[in-house]
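Q: I am new to this structure and would like a close look at a single part of it. Could you walk me through one residue and its surroundings?

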Amino acid sequence: MRHRDWVLPPVAGGPSIALEVQARGVELVPVVTVRGLSAALATAGKFFIKPLVELTFESSPPIGLTCGVRDDYVACAPDVSAIAAAARLLPIAPAVTVTVSLPLGGASALSPRGASLDLAGTNAALTRLRVLGVTAEAVPAYPGLDLWGLADRLSRAAGFPDGVTGVVPRLGPTHGR
């Protein structure tokens with residue numbers, strides 16, 4: 001479920017940033033998503049772009065979000081220690097401020113953006129979402145941080161649809177030949 005207002009509206013050739021609600025276990029939590037990145041940028045972003053994302057509910061301390069690459073977008077969600085607080089505040093807070101910064105190698109690819117979003121009607125929307133049977137999402141993880149996973153992602157980003165398994169035969173003779 002996505003908020004009706006955008007943090008950064010979609011434009012041709014650029015990313016969009018939205019506040020969504022996704023399930024983390026049994027909890028419905030706010031998740032900031034960055035969509036509209038090319039596959040290569042999303043893959044490279046996993047290693048070079050470290051989004052800095054915070055949610056601030058009125059009169060509560062900011063909640064930092066942990067970001068990870070999911071298929072073709074970046075999802076930033078509360079880490080395990082903050083899931084309960086975010087799930088508790090979401091249905092009762094009148095508004096939330098989302099702050100996003102996407103640094104790229106010391107320079108800023110996207111200067112810090114902030115948006116205050118009205119949360120009127122959120123509790124009723126969450127109730128409807130539960131009735132519809134929302135499926136649980138995995139907590140954003142960083143798969144591929146091992147050498148094989150890194151090589152596989154980079155191979156796919158370089159145009160090898162089968163990842164490392166498509167590159168290895170091209171590297172030279174294999175055993176048993």
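**A close look at threonine 122**

A: Beyond the neighbours within four places in sequence, threonine 122 is in contact with Leu90 and Pro91, where contact means heavy atoms within 4.5 Å. This is a predicted model, in which local features need pLDDT of at least 70, side-chain atom pairs count only at pLDDT 80 or more, and totals for chains, interfaces and linings use all residues. Residues are numbered from 1 along each chain as its sequence is written, and side-chain values use heavy atoms, with hydrogens and water left out.

Threonine 122 belongs to helix α3, residues 122-132 (helices are DSSP runs of H or I with at least four residues, strands runs of E with at least two, numbered from the N terminus). Because its relative accessibility is 12%, threonine 122 counts as buried (buried is under 20% relative accessible area, exposed over 50%, partly exposed in between, with a 1.4 Å probe and protein chains only). A polar atom of the threonine 122 side chain lies 2.5 Å from the backbone oxygen of leucine 119.

Leucine 119 leads us on to valine 96, which touches it along with others, including Leu19, Leu55 and Phe57. Val96 is also among the residues that touch the most other members in the largest nonpolar core, a group of 31 residues (such a core is a set of buried Ala, Val, Leu, Ile, Met, Phe, Trp, Tyr and Cys residues joined through side-chain atoms within 4.5 Å). Strand β1, residues 16-24, gives this core its largest share, four residues.

How values were computed:
A polar contact is a pair of N or O atoms within 3.5 Å; within protein, one must be able to donate a hydrogen and the other to accept it, and residues adjacent in sequence count only if both atoms are side-chain atoms.
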